[in-house]
Amino acid sequence: MSNVPVLTLLEPEVPEAVAPCCPPLTERPLTAEEAQRTARMFKALGDPVRLRLFSLVASHEGGEACVCDISDVGVSQPTVSHHLKKLKEAGLLTSERRGTWVYYRVEPSVVAAMGQFLTRAD
């Protein structure tokens, strides 16, 4: 019998799935809750710095970006942190701390839901 311990593999933690913001505009009228959630997302993107940060994260190689790679948007580091926080609160970004850095990513379901919301059904 071997004295080598058996290690159990742990499943990686899966972040909570992001709920779609709402149905397409042409499908049916939004509920009050859907309208609030959708307005929060679009309001967060209504700021040019936030829109740029969102774009930088969404288009970054590998689908995620270290805050160290996206901080050069013409505002101070505390302001970048504030805007990233607002994007997270709106459900547009998720983040994960790795050592001293925080990595941000846009969940594909968020982009798909926002695109679907604005798509017109013919």
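**Why these labels? A walk through the predicted model**

From the N terminus on, the elements run α-α-β-α-α-β-β-α. That makes five helices and three strands in the protein, where helices (H or I, at least four residues) and strands (E, at least two) are DSSP runs numbered from the N terminus. This is a predicted model, so local features need pLDDT of at least 70 and side-chain atom pairs count only at pLDDT 80 or more, while totals for chains, interfaces and linings use all residues. Residues are numbered from 1 along each chain as its sequence is written, and side-chain values use heavy atoms, with hydrogens and water left out.

Q: How do you know where confidence is lowest and highest in the protein?
A: Look at pLDDT, the predictor's confidence in each residue, from 0 to 100. Helix α5 (residues 108-118) has the lowest mean at 79, and strand β3 (residues 101-105) has the highest at 94. For the protein, the mean is 80, with 78% of residues reaching 70 or more.

Q: What makes residues 7-19 stand out in pLDDT?
A: Their pLDDT stays under 50, and the model has five contacts for them beyond four places in sequence (contact means heavy atoms within 4.5 Å). Where pLDDT is low, the predicted coordinates should not be read in detail.

Q: Why is glutamate 34 called buried?
A: Its relative accessible area is 10%. The label buried means under 20%, exposed means over 50%, and partly exposed is in between (1.4 Å probe, protein chains only), so glutamate 34 counts as buried. Glutamate 34 lies in helix α1 (residues 32-45). Across the protein, buried residues make up 30% of the 122 residues.

Q: What makes the link between the side chains of glutamate 34 and arginine 28 a polar contact?
A: The distance is 2.6 Å. A polar contact is a pair of N or O atoms within 3.5 Å; within protein, one must be able to donate a hydrogen and the other to accept it, and residues adjacent in sequence count only if both atoms are side-chain atoms. The glutamate 34 and arginine 28 pair is listed as such a contact.

Q: Why do the side chains of arginine 105 and glutamate 64 count as a salt bridge?
A: Their N to O distance is 3.1 Å, and a salt bridge is a side-chain nitrogen of Lys or Arg within 4 Å of a carboxyl oxygen of Asp or Glu. The pair links distant parts of the chain, with arginine 105 in strand β3 and glutamate 64 in strand β1 (residues 64-66), 41 residues apart. Side chains of opposite charge can pair when their charged atoms come close. The structure holds eight salt bridges.

Q: What makes Glu64, Glu96, Arg98 and Arg105 part of one network?
A: Arginine 98 forms a salt bridge with glutamate 96 at 3.4 Å between the closest N and O atoms. Arginine 105 meets glutamate 96 in a salt bridge too, at 3.0 Å, N to O. Salt bridges that share partners then join Glu64, Glu96, Arg98 and Arg105 into one network.

Q: How do you know which of arginine 105 and glutamate 64 is buried or partly exposed?
A: Arginine 105 comes in at 18% relative accessible area, so it is buried. Glutamate 64, at 21%, counts as partly exposed.

Q: What is arginine 105 in contact with, leaving aside its neighbours within four places in sequence?
A: The list is Val57, Gly63, Glu64, Leu92, Leu93, Thr94 and Glu96.

Q: Why is α1 called roughly perpendicular to α5?
A: The axes come within 12 Å and cross at roughly 105°. Axes are lines fitted to C-alpha atoms, for helices over the stretch in contact, with angles from 0 to 180 degrees between N-to-C directions. Under 35 degrees is roughly parallel, over 145 roughly antiparallel, 65 to 115 roughly perpendicular and the rest oblique, so α1 is roughly perpendicular to α5. The contact is made by Thr38, Met41, Phe42 and Leu45 of α1 and Val110, Met114, Phe117 and Leu118 of α5.

Q: What makes glutamine 116 partly exposed?
A: Glutamine 116, found in helix α5, has a relative accessible area of 42%, so it counts as partly exposed.
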